[in-house]
Structure formats: C-alpha cells, structure tokens
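Dear colleague,

Please find the structure below, together with its sequence.

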Amino acid sequence: MTAEPTAGFRHFHDQLGTLKQRLLAMSARAEELVELSVDALLTRDAGKAQAVIEADREIDRQEIEVEQLAVELLALQQPMARDLRFLVSAIKVTSDLERVGDHAVNIAQSALRLHELPTRVSPEPSMAEMARRARGMLADALDAFVRADGTLGRDVCRRDDEVDAMHDSLFRVLLTHMMADPRTINPGLELLLVSRNLERVADLATNISEDAVFLA
C-alpha cells in the first residue's frame, strides 16, 4: 500500500509549480519586450520604444519575486537531489531573464536614437528574422528548463550558431554601407548595437538551455 504524501510534501510541490509558472510568465514578458523593441525599431515608433523602457521595472520586480520564492523553498524545505538542482538553477535563470529585459531596453534606446538621426539606414530584413529566432530560442529554453528536457535544451544550444552567423553577416553588410557613405556611420553603428543585443539574447537562451541539460 502506497503511503499518502504528507501535507508538507504537497505544499512544497505546489510552491514548486508556482515557481515554474512565474518563471514561464517572466520569460514570456521578456520575449514580448524583445519583440516590441524590434518592432519599434522597424516601424520607427518612439511610443513603443518608450513602453519597452518603462516595462523594465516590471521584469526587475518579477526577478525579485521569483528569486525570493526559490530562496524560501531552499531555506524552509531543504530539498534534495533534483529539486535542489532545479531551485539553484532557477535563481540563475531569473538573472538571465532579467538581462534579456535589459537587452530589450538597449534595443529600444537605439530605436529612439535612430528616430532622431537625419540619415536613415533601413535595417536589413535579416534583423527581424534574427529577432524571431532569438525569441524562439528563449521560449524553447524555458520550456526545456521547466520540463528538464535535455533533448530540447541541446537543440536550442545548436541554434545559437545560426544567430551568431546572422550577426556576422549583418556586421559585414553594415560595414560596407558605412565605408561607402560616411553619413551612414552613426545609424549603422546603432544597428550593429541592435544586432549585438539580439545575439546576446540568443546567448542567454543558450545559458538557460545548458541548465536544462544539467537538470536532465
């Protein structure tokens, strides 16, 4: 006859489920901000860029809430084995997600500066695709982490090479523009910053995926 789980055990796993849901919500919000920041850039919408900058406090608040819950579970429940590894990794993942929010803010700030520049350089179509891939990596990385899916985690890690290649290609294209016309140097540098921030979002997704592989 199987023993019924204790109330404390059930409470711990309920709290663990809450932690996972908050992590997923934080990740979804970070993805939204990356998408909104790139949309602000492509559509030259200063209002959207400002909305991203203002939303950074929300991501910071979510980081604190998730981290506090993880620390409380570590301190009060003293989990063992896999649960312990998950909670320690979750604290690191919240920091990675907060940094994703920071990169979205950086992109939004570049969008605002580009809006003010007299010389216009149209972003390469590959930039939108690069953003789409980075967001997809982030979503899959969190899914892999929450479910301890090592196969999906390794797949996300492999996709990082594709984003890196897109960043390198964009760098070469923009450098060619800047060498041909000095007026494009300032907007070109801003677009390089955007590309670099998207590449860093993909790197952070890779970090989270490596944690998923570790858990699995």
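The notes below go from the overall fold to individual helices and residues.

This is a predicted model, in which local features need pLDDT of at least 70 and side-chain atom pairs count only at pLDDT 80 or more, while totals for chains, interfaces and linings use all residues. Residues are numbered from 1 along each chain as its sequence is written, and side-chain values use heavy atoms, with hydrogens and water left out.

Overall fold

The protein has 6 helices and 0 strands; helices (H or I, at least four residues) and strands (E, at least two) are DSSP runs, numbered from the N terminus. Along the principal axes, the C-alpha atoms fill a box of roughly 80 × 35 × 20 Å. Of the 216 residues, 44% count as buried, where buried means under 20% relative accessible area, exposed over 50%, and partly exposed in between (1.4 Å probe, protein chains only). Among contacts (heavy atoms within 4.5 Å) with a separation of 6 or more, 85% come from residues 24 or more positions apart.

Helix α4

Helix α4 covers residues 125-147, and its 23 residues reach 34 Å from the first C-alpha to the last, close to the expected 33 Å. That expected span is 1.5 Å times one less than the number of residues. Buried residues in α4 include M130, M137 and L138. Just after α4, A148 takes a positive phi of about 50 degrees.

V163 and E199

V163 is in helix α5 and counts as buried because its relative accessibility is 1%. Leaving aside neighbours within four places in sequence, V163 is in contact with M130, R133, M137, L198, E199 and A202. E199 belongs to helix α6 (residues 185-215). Its relative accessibility is 8%, so E199 also counts as buried. With the neighbours within four places again set aside, E199 is in contact with M130, V163, D164 and H167.

A nonpolar surface patch

F171 lies in helix α5 (residues 150-180) and, at 40% relative accessibility, counts as partly exposed. Together with L175 and M179, F171 makes a nonpolar surface patch of about 320 Å². Patches are made of residues with over 30% relative accessible area and no salt bridge, like charges being joined within 9 Å and nonpolar side chains (Val, Leu, Ile, Met, Phe, Trp, Tyr) within 5 Å. A salt bridge is a side-chain nitrogen of Lys or Arg within 4 Å of a carboxyl oxygen of Asp or Glu. Accessible areas come from the Shrake-Rupley method with a 1.4 Å probe; for residues, only the protein chains shown count as cover.

With kind regards
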